[in-house]
Amino acid sequence: MGSITLEKVSKSFGTTAVIPEIDLEIVDGEFVVFVGPSGCGKSTLLRMIAGLEDLSGGRIIIDGKDMSSEAPAKRGLSMVFQSYALYPHMSVYGNIAFPLKMDGQDKAAIDKKVKDAAHILNLTNYLDRRPGQLSGGQRQRVAIGRAIVRQPKAFLFDEPLSNLDAALRGNMRLEISDLHHQLKTTMIYVTHDQVEAMTMADKIVVLNAGRIEQVGSPLDLYRSPRNVFVAGFIGSPRMNLIEGQEAAKHNAVTLGVRPEHVRISKTEGAWKGTVGVTEHLGSDTFIHVQVDGVGKITVRTDGDFSTDFGQQVFLTPEPARLHRFDANGQAI
Amino acid sequence: MATLQTRATARLMMSPAVILLFLWMIVPLVMTLYFSFLRYNLLMPGTEEFIGFLNYQYFLTDPAFFTALGNTLMLVGGTLLITVIGGVLLALVLDQPFWGQGIVRLLVIAPFFVMPTVSALVWKNMLMHPVNGLFAWIARSFGFQPIDWFAQLPLFSIILIVAWQWLPFATLILLTALQSLDGEQIEAAEMDGAGALSRFFYLVLPHMSRAITVVILIQTIFLLSVFAEILVTTNGGPGLQTTNITYLIYAQALLQFDVGGASAGGIVAVILANIVAFFLIRLIGKNLER
């Protein structure tokens, strides 16, 4: 079991409130991703759940029990750190066995659990190595191994993939999702990368300046962002946000349209513009177009569409896919 | 530095320094070796002659030699024990954030800047003096008989003085090692359920082992030749109780004017230091490889 409830949780360092007040419900077995720009308080929130930071107010309830002032080890959670925080002088075996040893379990039981975890994570051949002799991805797996042997109520991940290269990050993303399906344990995952959030989460929590902007499934957030911040943060490339006259035509202060929802044509369309930089990704092409009276618009189109720098093109946004926001940035 | 030419130039430019250092080392060593095979007493000038290993024979069969050897090892071992354990504890304290940290750190480092002779005199006359000393006053104010440190516990007193001088060095090195410990590792251990003691023994101590090795190696080199503290406090006495090898050689050369015998002692000391260094490096060198 691993349901976690945050009730009016707040955190301030001195007079600066990092997290004004947060209420959040995390259901057992859910994969929740906290996402937001750096400095939005997502790591602080995770550390508060872990017990590594004190609460300034509110309560943290894990499995129905108030754990707000309980020691980290007593909360039954395990954490994977950004730097992995492996113990450098212990072997991989020693690292994975450490939490069990601290728990006072007997040698045979420890041995079995460590071997099992190593098997799940493909670390069996590396048990004698020291962390310094492993690659980044292997270290990451050791850190996860150390987390799973405790059979925690929930896993906490603090930007675990940010030290890996792009290819490995993609792999580990899959492995962690896989692990979640195998173990069915609650996972809370912190990242600033919206791609990780979109691909892995059951539920995304978008944070900005210590406040929750929106909570929902990845596609919810993508289809109906509640405000400008979420609209701009979720989706890649970013949603085009248009202000001024063009927005006013649709009775909005800010008008949002995703690059994939703008049609591009060389002959006719609603907006006339000049092609700037074109990014060819093979499967897709991102075209940055300067539209008179509207501004810079990014368009996503298929890989075969070719344009030249400075060429005249016409753009048409799909009317059904327009997002309208009022003066406070809230969706209408 | 890749081409032949730059390498040759580098060697040429380095050579004056290397040659000077080499001469600086080799001339005294060869002269000492030479003297050690002579009968050479300043009280009998003009009678110098080659006597083979006789000086060595006298020095090594002198009962004072074994006492001095034992004292030297006790002095080194005792001081290392106090400075390493004390240094680890002090470093742990100084690593905590508290008000006035900067001043306290400065004060802890201060003893290192005091000359050995001066600090030994301060200890002898102001702290350990059986009549005027601070320790005696403390003992008397609690109604105890004051300890006459240099008469009752001479070697231990010397160890205390030397340890006081070297504690800052150990603390400083161990503190820097402690500060380089990754905070996330400690937090990870906290989440893994390790208490403060387990964290110290499983994480902090292994992390500091390399620094401890360095402290032991460097201190051993200097502690083998402790001299000033002994000269100004006990003069090697009472009896031979605080005579170490260095002091024995000094007594041989400048109290008995036996340059030949002292030279032989000096060579013996060099060999002993090398033996100690050999075992030390074998013993803890593994720590440095990691």
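Me: How many helices and strands does chain A have?
Reply: Chain A has nine helices and 18 strands. Helices (H or I, at least four residues) and strands (E, at least two) are DSSP runs, numbered from the N terminus.

Me: What kind of model is this, and how are chains and residues labelled?
Reply: This is a predicted model, in which local features need pLDDT of at least 70, side-chain atom pairs count only at pLDDT 80 or more, and totals for chains, interfaces and linings use all residues. Residues are numbered from 1 along each chain as its sequence is written, while chains are lettered from A and ligands numbered from 1 in the order in which they are written.

Me: What are the ipTM and pTM of the complex?
Reply: The predictor gives an ipTM of 0.79 and a pTM of 0.78.

Me: And what is the mean pLDDT of chain B?
Reply: The mean is 86, and 98% of chain B's residues reach 70 or more. pLDDT is the predictor's confidence in each residue, from 0 to 100.

Me: Which elements of chain B have the lowest and highest mean pLDDT?
Reply: Helix α13 (residues 259-289) of chain B has the lowest, 80, and helix α3 (residues 63-94) of chain B the highest, 91.

Me: Which residues of chain B does UniProt annotate as "transmembrane region"?
Reply: The unreviewed entry covers several stretches of chain B, including residues 106-123 and 155-178. Residues 106-123 of chain B are 67% helix and 0% strand, and residues 155-178 of chain B are 100% helix and 0% strand.

Me: How many residues are in the largest nonpolar core?
Reply: That core has 142 residues, and A:Val33, A:Leu156, A:Ile188 and B:Leu174 have the most contacts inside it. A nonpolar core is a set of buried Ala, Val, Leu, Ile, Met, Phe, Trp, Tyr and Cys residues joined through C-beta atoms within 7 Å. A residue is buried if 20 or more other C-beta atoms lie within 10 Å of its own, exposed if 12 or fewer, and partly exposed in between, with C-beta atoms placed from the backbone.

Me: Which helix gives the most to this core?
Reply: Helix α8 (residues 154-179) of chain B, with 13 residues.

Methods: UniProt positions are given in the numbering used here, feature names are shortened, and annotations may be inferred rather than shown by experiment.
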